[in-house]
4 protein chains.
Amino acid sequence: MHTEQPIRTYSKDQGLVASRREHIAKCAAHLLVKQGYDRTSVREIAGACGMGMGSLYHYVGSKEDVLYLVIDHGLSRYVEFCEEAFPKLGTNSPTEALRQAIGEYYRMVDGSQDLMLFAYQETKNLRLDAREAILDLDRRIVAAFERLLARGCTTGDFSIDNLTLVAHDIVTRGQLWAVRRWFLRKYGSLEQYIKDETELILRAIRPPKVMASKG
Amino acid sequence: MHTEQPIRTYSKDQGLVASRREHIAKCAAHLLVKQGYDRTSVREIAGACGMGMGSLYHYVGSKEDVLYLVIDHGLSRYVEFCEEAFPKLGTNSPTEALRQAIGEYYRMVDGSQDLMLFAYQETKNLRLDAREAILDLDRRIVAAFERLLARGCTTGDFSIDNLTLVAHDIVTRGQLWAVRRWFLRKYGSLEQYIKDETELILRAIRPPKVMASKG
Amino acid sequence: MHTEQPIRTYSKDQGLVASRREHIAKCAAHLLVKQGYDRTSVREIAGACGMGMGSLYHYVGSKEDVLYLVIDHGLSRYVEFCEEAFPKLGTNSPTEALRQAIGEYYRMVDGSQDLMLFAYQETKNLRLDAREAILDLDRRIVAAFERLLARGCTTGDFSIDNLTLVAHDIVTRGQLWAVRRWFLRKYGSLEQYIKDETELILRAIRPPKVMASKG
Amino acid sequence: MHTEQPIRTYSKDQGLVASRREHIAKCAAHLLVKQGYDRTSVREIAGACGMGMGSLYHYVGSKEDVLYLVIDHGLSRYVEFCEEAFPKLGTNSPTEALRQAIGEYYRMVDGSQDLMLFAYQETKNLRLDAREAILDLDRRIVAAFERLLARGCTTGDFSIDNLTLVAHDIVTRGQLWAVRRWFLRKYGSLEQYIKDETELILRAIRPPKVMASKG
DNA sequence: CATGAATGAGGTTTCATTCAT
DNA sequence: TATGAATGAAACCTCATTCAT
């Protein structure tokens, strides 16, 4: 699932490398998220992973690679979820499916707010290729929502000029729950936020009533 | 207009301090925005300001203070604009006023995309009090939109459950034009974005037609 | 009274220079003593003197000169006292005169412990010529005690092989009350210290009783 | 023997840390003593130790820690000597034992005059806990002399009101040979100083002859 | 494969001194 | 005479990375 990225390594056992990298991604995440990328030293990262600095560099080519692993690992969970769970919502009406999708996604963001905020702020520190890989994950999440919207348009439940933009709006508003916590926390609870934003979205894509009166 | 923040100074001439700080805010902005806060040295900043390092520290207590000055100076322009220009839109219908406000604001964001993105990513590097001062600027922009929306509610042009949330949505979507340029640039032009988002927003807050038919 | 030391000056009015230097010596003393020479900036010194940095440099050639002025001013008080007060003790018996001299001197040290400690620790920061000037003040204090001891030897009250050494012992033990406060404060009060040290000194220089009975 | 002080380290190999710190204490001593603490840069210290600056900071948390190591290492030699050698002087008469102790101690001071002076002047630059640790070493030296004096009092060889004060006097006069070299060097040789001071001390603590004739 | 000691460039900040006003 | 803005050298300290063990 993780976007494959060529990272320099001393080890040649690809299986070991992969498992160690996952270990690193998991262990370093908490530390990096808490302290920020620039304020965390490689020594600390290695310590948090339970390995020596030298060992860390066997599975990773640079400190930046750790950043990539952490963000990639974190966002991949979202991609997996959206790509796997959304198609299963097909048994419901498009409106209900969208409601559920938004709710699930926003709750997932809430469950790892810090990581989402971290990804927003630190992706800029990645080299172009790694950054592009991360942005692709984001694009896939948007695409997953886009498919949900497309179905609703086909059935006539939604009336949307530009699917991509609406999907993008839905996804980013979820992310903003993490990024602009300082503002939204004062606004209300997560469930209230989900309810209100969902309503706004649905109103914006609901087909005009006029159609009904015409028939 | 700038939020007053106690920054250590060697100089006691308040007028000079203020003018030099504005100079610093302007000159450092470009450099910081281009390279990022952590990747820019104080030496470079001083150079960009046309002063020696020692001189810089006459008007600023730390590197972080420069960051604050830059972000504060940049965002203050937005606050000034929203607080001054929006009330003058009162002669138009609420809908038209909102259309114009959104358009103006989004175009302003587009005009200093880099700074907006920078503010989003680097505000985290500020100490609590400075960060809070910056976030207050953001809150004031939201509040300015909130007032526009409130007027529309009074006249019955808008039907909004939660003014703050809608205002927040409007503002953040403008900021996202800068922050998620990498995504939206592929979507379309700024004017297209303004048109589409405005439409989505208006649809979301337009009062239900049913009401009219009922009467 | 102050040892004249050629210090570079911009001003040519010798009277003004002298009065300003005394002002500096007095005002800077407290600050320097409290913070230490290296940890005090010229800016702070100027501030404590109620003048601008530039003005300070009109009457002083360097920061080090301020250190010299402070120490010189402080120690000169001791010299003045010893050289003026001791001769007047001549009406008493040599033993009593010495008792009084020691008491007065030690009490004086106690009254400006901080400055005495400061002088001990920071004189090393002076250039050779200035340092030598300060050490001369010290020598004059020793010499004052030496004269008291000499009189006692003439009268047969004291039996001393080496006047200089005993005088030096007396003076340094007074200074140690300031320098080794951390030790002696636990030992007892100043008056107890004076009493005990005086007794030890007197026993060390009292002529052997045997001699008299022998004759 | 060295007072254990928690100093930050990157290394966890306690043995290596200890040996490197001793190396640092030895190599830095000469340089620091010659130039003074404030006038010596960390770069110079590292150079004198034959290591890079980074390496130095593996074994030391700050420049101040180096100062502590140097003073602690230097004074510990005195403590060891006094605590180990003095008890072995027990076979001699108390008077003779004291004579020897004073002689040995003063000669030891003479052998590392510079370091003793350095310790006197720079201990003030240590943080409270480190300073206290150094002062404890001093107290132990005084205590060693105190025990010698106590034995003499038991045997009736000495008559002393206050053991601590006399011991303190003995120790400080040794230190003053280093601290006030500029004065005492003109007075005479080390051996002359030892002889004269010893005589003064003994006269001050010798029991009055009268007592003996009385019995 | 695992380790962590070693490195030195480069980071931010301070400060004594000068000189134009 | 009085001022303090300006300077840049140099201070302490951190850190990503390498490589011998």
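This is a predicted model: local features need pLDDT of at least 70, side-chain atom pairs count only at pLDDT 80 or more; totals for chains, interfaces and linings use all residues.
**Entry 1. Chains A and B**

I began by superposing chain A on chain B. A rotation of 179° with 0.1 Å of shift along its axis does this, at an RMSD of 0.1 Å. The two copies are therefore related as by a two-fold rotation axis. I then checked which surface each copy uses. The same surface serves both, since 91% of the contact residues of chain A recur in chain B.

Next I looked up the residues of this contact. Chain A puts in 23 residues and chain B 24 residues. On the side of chain A that touches chain B, at least two residues each come from helix H7 (128-155), helix H8 (163-179), helix H9 (181-187) and helix H10 (190-205) of chain A. I noted that H8(A) gives the most to this side, with seven residues. By class, I find nine nonpolar, five polar and nine charged residues on the side of chain A that touches chain B.

**Entry 2. Chains C and D**

I turned to the contact between chain C and chain D. It takes 23 residues from chain C and 24 residues from chain D. The helices of chain C that each supply at least two residues of the side touching chain D are helix H8 (163-179), helix H9 (181-187), helix H10 (190-205) and helix H11 (209-214). H8(C) gives the most to that side, with seven residues. The side of chain C that touches chain D divides into 10 nonpolar, five polar and eight charged residues.

**Entry 3. Helix H1 of chain A**

I compared the length of helix H1 (residues 14-35) of chain A with what its residue count predicts. At 1.5 Å a residue, its 22 residues should span 32 Å, and the end C-alpha atoms are 30 Å apart, which agrees. I did find a bend of about 40° in H1(A), at A:Ala28.

Which residues of H1(A) are buried? I list A:Arg20, A:Arg21, A:Ile24, A:Ala25, A:Ala28, A:Ala29, A:Leu32 and A:Val33. Just after the helix, A:Gly36 has a positive phi of about 90°.

**Entry 4. Helix H1 of chain B**

I repeated the look-up in chain B. The 22 residues of helix H1 (residues 14-35) of chain B should span 32 Å at 1.5 Å a residue; I find 30 Å between the end C-alpha atoms, which agrees. A kink of about 35° in H1(B) is centred on B:Ala28. The buried residues of H1(B) include B:Ile24, B:Ala28 and B:Leu32. They pack against H2, H3, helix H4 (63-85) and helix H6 (113-122) of chain B. B:Gly36 follows H1(B) and has a positive phi, near 90°.

**Entry 5. The DNA strands**

Last, I looked around DNA strand E. I count 35 residues surrounding it, the closest being A:Gly54, B:Ser41, D:Ser11, D:Gly54 and D:Ser55. Among the elements supplying at least two residues each are helix H3 (53-59) of chain A and helix H2 (42-48) of chain B. The surface near DNA strand E has 13 nonpolar, 16 polar and six charged residues.

DNA strand F is surrounded by 35 residues, and the closest are B:Ser11, B:Gly54, C:Gly52, C:Gly54 and C:Ser55. H3 of chain B and H3 of chain C are among the elements that give two or more residues to this surface. By class I find 13 nonpolar, 16 polar and six charged residues near DNA strand F.

Key
Residues are numbered from 1 along each chain as its sequence is written. Chains are lettered from A and ligands numbered from 1 in the order in which they are written. Copies are superposed by least squares on the C-alpha atoms of residues with pLDDT of at least 70 in both. Two residues are in contact if their C-beta atoms, placed from the backbone, lie within 7 Å. A residue is near a molecule or strand if its C-beta atom, placed from the backbone, lies within 6 Å of it. Helices (H or I, at least four residues) and strands (E, at least two) are DSSP runs, numbered from the N terminus. Ala, Val, Leu, Ile, Met, Phe, Trp, Tyr, Cys and Pro count as nonpolar, Asp, Glu, Lys and Arg as charged, and the others, Gly among them, as polar. The expected span of a helix is 1.5 Å times one less than its number of residues. The bend at a residue is the angle between axes fitted to the seven residues ending there and the seven starting there. A residue is buried if 20 or more other C-beta atoms lie within 10 Å of its own, exposed if 12 or fewer, and partly exposed in between; C-beta atoms are placed from the backbone.
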